[in-house]
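User: Hello! I am new to this structure and would like to learn how to read it step by step. Could you guide me?

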Amino acid sequence: MTRLSTHDGAFAGLQPQAPDALLSLIGLYRADARADKIDLGVGVYRDAEGHTPVLAAVKAAEAILLRDQQSKSYLGPEGDLGFLDRLKPIVFGPRDAVDIFGVQTPGGTGALRLASELIAAARPGARIFMGTPTWPNHPQIFEISGLEIVSYRYFDSQTQAVRFDEMMSALATARPGDAILLQACCHNPTGADLDAGQWGQIADLIAARGLTPLIDLAYQGLGLGLESDAAGMRRVLDAAPDALLAYSCDKNFGLYRERVGALFAVSDSSARLELAASNIKALARANWSMPPDHGGAVVRIVLEDDALTRMWRDELETMRSRIVEVRKALAAAEPRLSALAQQHGMFARLPLNPAQVAQMRDRHAVYMAGSGRINLAGLTPATVPLFATAYAACLQEEFA
Ligand SMILES: Cc1ncc(COP(=O)(O)O)c(C=O)c1O
């Protein structure tokens, strides 16, 4: 280790970190003058006009909030309790609310960060099992808490299928107290979700081996629908004595920059749930003290009002069906994209190498993540054929 002198400055010992690749893609896209360019990079929903609008239900709730809010005083480390209470039945279904504890967090990211710290505190030396590929932020969130990450291959981009046997073999090596990160639906980046039978097998294995599930539910309602998207993970929650769930309202309420999420702990023991609750609150205090209010208050107002809830559900359904339509259109336009019609959510991971991704960009003005991930909501009925033609040409050019 190099010894720093008194004149080096506090930052001299830092290692430079790679910039976020998706953010640099935005810069490249903006600088591209081609009129028919297509942006499939950043992971936000877009309507058929290419906009990420504020939902009408959210606008209406914001108007009510502006009119009625009397104070901006602190709410406490748990955040908006009404927000948490209204969210619970949507996430957990008819489960008894007394065995659930929740705190509002800055986005799903904040919830994952708290969960990783709680797991590290609860079981020193615990490991976290994580399928690859996954959301690129996952590994760093868990590394920072000092958890050892055990990776296994989750997805085969050539066959576009979940490598379920490999997943089960990897999880069979987990020790009691190890945690398992599971994306509940709309898997990022692959779109390949577990089916009901597979969720059942995972639930049995978790129960048999005494593992702690950490469910990441960031896209509820954007896959098969609000209820169906939660059905598989609920089987896992039922099977485990203690479990954690990181939730994001940023996608299904279109509230991205408001940073709205929640961490829930679920337990079959009220004593252990209380222990988890006191630790989660202490960790929240040490991280951000109190969560930001606006987005959580907006979600609460929507969910307290039947008409606004109906409006939100309709708008969510419109987003969901648009994504399904794009999936179907892609599958119909290009046989090598047919698997996409069976997958869910905004993302697909195409079997393209970095050179082909660069070719898509340079020759066809199609921008996607270097991994081959595309955001399907970046496509419209008009651009699906352009994309399909570019994709076919790119696969062809590989062999030319
Ligand atoms: C799988 C997954 N989990 C969690 C998150 C975090 O969401 P948020 O923006 O609410 O922090 C994301 C965001 O892209 C995600 O893709």
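This is a predicted model: local features need pLDDT of at least 70, side-chain atom pairs count only at pLDDT 80 or more; totals for chains, interfaces and linings use all residues.

User: Which members of the largest nonpolar core touch the most other members?

Analyst: Here is the general idea. In soluble globular proteins, nonpolar side chains tend to be buried together. In this model the largest nonpolar core has 114 residues, and those touching the most other members are Ala115, Ile180, Val236, Leu245, Leu263, Phe264 and Val302. Helix 11 (residues 306-333) provides the largest share of this core, eight residues. Domain 1 and domain 2 each contribute at least three residues to this core.

User: What are the bounds of domain 1 and domain 2?

Analyst: The domain assignment gives domain 1 as 21-54 + 308-395 and domain 2 as 58-306. Taken over C-alpha atoms, their centres are 26 Å apart.

User: How many residues of each domain are in contact with the other?

Analyst: On the domain 1 side there are 27 residues, in contact with 34 residues of domain 2. Helix 11 and strand 11 (347-349) each supply at least two residues of the domain 1 side. Helix 11 gives the most to that side, with eight residues. By residue type, the domain 1 side divides into 15 nonpolar, eight polar and four charged.

User: Now to strands. Why is strand 9 (residues 242-248) described as largely enclosed by the rest of the structure?

Analyst: First, the general idea: in a regular strand the side chains alternate between the two faces of the sheet. As for strand 9, six of its seven residues are buried, so the rest of the structure largely encloses this strand. Strand 9 also pairs with strand 8 (residues 212-217) in the parallel sense, over four bridges. For Ile215, the bridge partner in strand 9 is Leu245.

User: Which residues are around the ligand?

Analyst: They are Gly43, Gly107, Gly108, Thr109, Trp135, Gln183, Asn188, Asp216, Ala218, Ser248, Asp250 and Gly261. Helix 4 (residues 107-122) supplies the largest share of this shell, three residues. The shell divides into two nonpolar, eight polar and two charged residues.

User: Where are the cis peptide bonds that join Thr132 to Pro133 and Asn188 to Pro189?

Analyst: To read such a bond, look at omega. For Thr132 and Pro133, omega is about -5°, and Pro133 lies in the loop between strand 3 and helix 5 (137-143). For Asn188 and Pro189, omega is about 15°, with Pro189 in the loop between strand 7 (179-183) and helix 7 (196-209). Asn188 is also one of the residues around the ligand.

User: Is Gln160 buried or exposed?

Analyst: A residue counts as buried if 20 or more other C-beta atoms lie within 10 Å of its own. Gln160 has 21 such neighbours inside 10 Å, so Gln160 counts as buried. Gln160 sits in the loop between strand 5 (155-156) and strand 6 (161-162). Although not a glycine, Gln160 has a positive phi of about 60°.

User: And is Gly125 buried or exposed?

Analyst: Gly125 is exposed, because 11 other C-beta atoms lie within 10 Å. Gly125 is found in the loop between helix 4 and strand 3 (127-132).

Methods
Residues are numbered from 1 along each chain as its sequence is written. A nonpolar core is a set of buried Ala, Val, Leu, Ile, Met, Phe, Trp, Tyr and Cys residues joined through C-beta atoms within 7 Å. A residue is buried if 20 or more other C-beta atoms lie within 10 Å of its own, exposed if 12 or fewer, and partly exposed in between; C-beta atoms are placed from the backbone. Domain bounds come from an automatic or database domain assignment. A residue is near a molecule or strand if its C-beta atom, placed from the backbone, lies within 6 Å of it. Ala, Val, Leu, Ile, Met, Phe, Trp, Tyr, Cys and Pro count as nonpolar, Asp, Glu, Lys and Arg as charged, and the others, Gly among them, as polar. Two residues are in contact if their C-beta atoms, placed from the backbone, lie within 7 Å. Two strands pair if DSSP finds at least two bridges between them.
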